[in-house]
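Me: I am new to this structure. Please show it, and then let us go through it piece by piece.

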Amino acid sequence: MADANRPLFIVGCPRSGTGILHQLVRLHPALAWITPFSNWVCGKSWFRRVPPALAYGLETVVHRTPNALLPPLFRGPYDGSLGLPSTFETHEGHSIWHRALPDGDDHHATEAEVTPDVRAYLRAVLVWHRRYHGRPRVVWKTPRNAFRLRFLHALFPEAYVLHLVRDGRAVAASILKRRRHDLSDPTKWWGARPPGWREMRSTSPIQQAAWTWSQSLKQVRTDASVFPTGHVLELQYETLTSEPDSELRRLFAFADLDPEAFFTAENRRQLQKLHPPRHTWRSRLSDDQQALLEDTLREDLRRYGYLENGSAVDRRDTS
């Protein structure tokens, strides 16, 4: 199977740390990634006529231009929370996905949505990005793809999937923070839209966040089996941030990438930025909210080790 058919897809509930994982993984010298500018270019019907080398030069200019002077689509960093040095910032590729999968009622997609045109388009996007960065593989982070694993498998049956799981209470707290920051309407839906999301719109924001986390885990567990054995790896955010060396080695070995190529002296220095701060989700959630989450999510919290004997496990957590 050609390398073009072996991308790495990072999935997980929004606010689970997929952006941090993406920033780290794309430091591997064998991996290309989507950038704000390449997302815009490849979201156009004419992108195949744009030589990657020309676009790379244009993005170099864009990258050095102050954000205030740029259109929103070109601004970065999109996912720069760690402040890692890179040629260009990372991006989820929203324009690309919108062209491949125009917005429906929800973000679920299966093999039924894979048409010849969609197949040709997304394969061409990956090949273009390999040439753009001059690297043999592509890593692509989009949390919504937790609901599209069957779609991805139909396109790229030899792809690798990295599923990042984070404590649902921390995810809910982070979603609430983002909602307050981004939205003037507290009832407006935020983030991934699992099937059935409209029926949840009348519930409180904390219930919506909990339900989205639970549905994301459920969908991945349901659909991961369509990939070949050994092509889906589940990581926990808390372990990644506390034991990055061992977790990243496990990740790169899983994806058939040389771990030693990643662990340069410079990258080892960057891993020091993963030390979590002293505050946790407990300082952001009321006692009632914590009780609601532990009651609603008890089964999954226990499954992933966030509850022991019915009691909460207090792990340090970022954001």
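Me: At roughly what angle do the axes of helix H8 and helix H13 cross?
Reply: This is a predicted model, in which local features need pLDDT of at least 70, side-chain atom pairs count only at pLDDT 80 or more, and totals for chains, interfaces and linings use all residues. Residues are numbered from 1 along each chain as its sequence is written, and side-chain values use heavy atoms, with hydrogens and water left out. Helices (H or I, at least four residues) and strands (E, at least two) are DSSP runs, numbered from the N terminus. The axes of H8 (residues 205-223) and H13 (residues 287-296) come within 10 Å, and their crossing angle is roughly 30°.

Me: Is H8 roughly parallel or roughly antiparallel to H13?
Reply: Axes are lines fitted to C-alpha atoms, for helices over the stretch in contact, and angles run from 0 to 180 degrees between N-to-C directions. Under 35 degrees counts as roughly parallel, over 145 as roughly antiparallel, 65 to 115 as roughly perpendicular and the rest as oblique. H8 and H13 are therefore roughly parallel.

Me: How many residues of the contact of H8 with H13 are nonpolar?
Reply: Contact means heavy atoms within 4.5 Å. Ile206, Gln207 and Ala210 of H8 meet Gln289, Leu292 and Leu293 of H13. Ala, Val, Leu, Ile, Met, Phe, Trp, Tyr, Cys and Pro count as nonpolar, Asp, Glu, Lys and Arg as charged, and the others, Gly among them, as polar. No charged residue takes part, two are polar, and the nonpolar ones number four.

Me: How many residues of H1 are buried?
Reply: Buried means under 20% relative accessible area, exposed over 50%, and partly exposed in between (1.4 Å probe, protein chains only). H1 spans residues 18-25 and is mostly covered. Its buried residues include Ile20, Leu21 and Leu24.

Me: Which residues does phenylalanine 47 touch?
Reply: Residues up to four places away in sequence are not counted here. The partners of phenylalanine 47 are then Val41, Cys42, Tyr121, Ala124, Val125 and Trp128.

Me: Is H3 oblique or roughly parallel to H5?
Reply: The axes of H3 and H5 come within 8 Å and cross at roughly 60°. That angle makes the placing of H3 against H5 oblique.

Me: Which residues of H5 does H3 meet?
Reply: H3 brings Pro52, Ala55, Tyr56 and Glu59 to this contact. The contact divides into five nonpolar, no polar and two charged residues. On the H5 side are Trp128, Arg131 and Tyr132.

Me: Which residues is histidine 153 in contact with, leaving aside its neighbours within four places in sequence?
Reply: Histidine 153 is found in helix H6. Histidine 153 is partly exposed, with a relative accessible area of 23%. Its contacts are Val226, Phe227 and Pro228.
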